[in-house]
Amino acid sequence: MEANRRSKISIISMILTMGAFILFLIATVINHSYSQIIMFGGLALLLASWAIFFFGYKQPQIPIERVLTIIGCKNCDYKEERQFMEGDYIFKELGPCKKCSGLSYIMGIYSVTIKKE
Ligand SMILES: [Zn+2]
């Protein structure tokens, strides 16, 4: 699966790079006021191909760790999950609940490892 996905990414980024060079060629061959726009298009394609290559090809090997904070309410069953923020700790009070305006607090903090495929 992984190898298949990688070869797809390489093919896509290769096609984009080729497309960029074709656009560059067209831009240099035709002496038109559009040639600058075509040149920019080629540049954008080139950048896109690099971005696809780097983000799609290299990142999946590094698992991403995310720390989440669970917010609950002392008054009702309201629950929310959000990205951990500095200063978060368990049982920290967070002010009025979004649902019932009771007191909301941090119920738990946990980390998850996301493996991108
Ligand atoms: Zn509540």
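**A walk through the model**

Modeller: The protein chain splits into domain 1 (2-61) and domain 2 (64-114), with bounds that come from an automatic or database domain assignment. Mind that this is a predicted model, where local features need pLDDT of at least 70, side-chain atom pairs count only at pLDDT 80 or more, and totals for chains, interfaces and linings use all residues. Numbering runs from 1 along each chain as its sequence is written.

Colleague: How far apart do the C-alpha centres of domain 1 and domain 2 lie?

Modeller: Take domain 1 as 2-61 and domain 2 as 64-114. Between their C-alpha centres, the distance is 43 Å.

Colleague: What average pLDDT does the protein chain have?

Modeller: pLDDT is the predictor's confidence in each residue, from 0 to 100. Here 91% of the residues score at least 70. For the protein chain, the average is 86.

Colleague: What radius of gyration does the protein chain have, next to a compact globule of 117 residues?

Modeller: The radius is taken over C-alpha atoms, and the globule rule is 2.2 Å times the number of residues to the power 0.38. A compact globule of 117 residues would come out near 13 Å. The C-alpha trace spans about 70 × 40 × 25 Å along its principal axes. The protein chain's own radius of gyration is 24 Å.

Colleague: What share of the residues counts as buried?

Modeller: Buried means 20 or more other C-beta atoms within 10 Å of a residue's own, exposed means 12 or fewer, and partly exposed is in between, with C-beta atoms placed from the backbone. Of the 117 residues, the buried share is 9%.

Colleague: Is L16 buried or exposed?

Modeller: L16 sits in helix α1. It touches L45, A48, S49 and I52, leaving out residues up to four places away in sequence; contact here means C-beta atoms, placed from the backbone, within 7 Å. L16 and S49 are 33 residues apart in sequence, but 5.4 Å apart in space, C-alpha to C-alpha. Because L16 has 20 C-beta neighbours inside 10 Å, it counts as buried.

Colleague: Which residues is A20 in contact with, leaving aside neighbours within four places in sequence?

Modeller: A20 belongs to the largest nonpolar core, along with L16 and L45 among others. Its contacts beyond those neighbours are G42, L45, L46 and S49.

Colleague: How does F21 count, given its C-beta neighbours inside 10 Å?

Modeller: F21 is also in helix α1. F21 and V112 are 91 residues apart in sequence and 42 Å apart in space, C-alpha to C-alpha. Because F21 has 13 C-beta neighbours inside 10 Å, it counts as partly exposed.

Colleague: Over how many bridges do β1 and β4 pair?

Modeller: Two strands pair if DSSP finds at least two bridges between them. Strand β1 (residues 64-73) pairs with β2 in the antiparallel sense over 5 bridges, with L68 partnered by Q83 and G72 by K79. These two strands form a hairpin with 5 residues between them. With β4, where V67 stands opposite S111, β1 pairs in the antiparallel sense, and the number of bridges is 10.

Colleague: Where is F91 found?

Modeller: F91 has a phi near 75 degrees, a positive value in a residue other than glycine. With 8 C-beta neighbours inside 10 Å, F91 counts as exposed. F91 is found in the loop between β2 and β3 (93-96).

Notes
A nonpolar core is a set of buried Ala, Val, Leu, Ile, Met, Phe, Trp, Tyr and Cys residues joined through C-beta atoms within 7 Å. Two residues are in contact if their C-beta atoms, placed from the backbone, lie within 7 Å. Helices (H or I, at least four residues) and strands (E, at least two) are DSSP runs, numbered from the N terminus.
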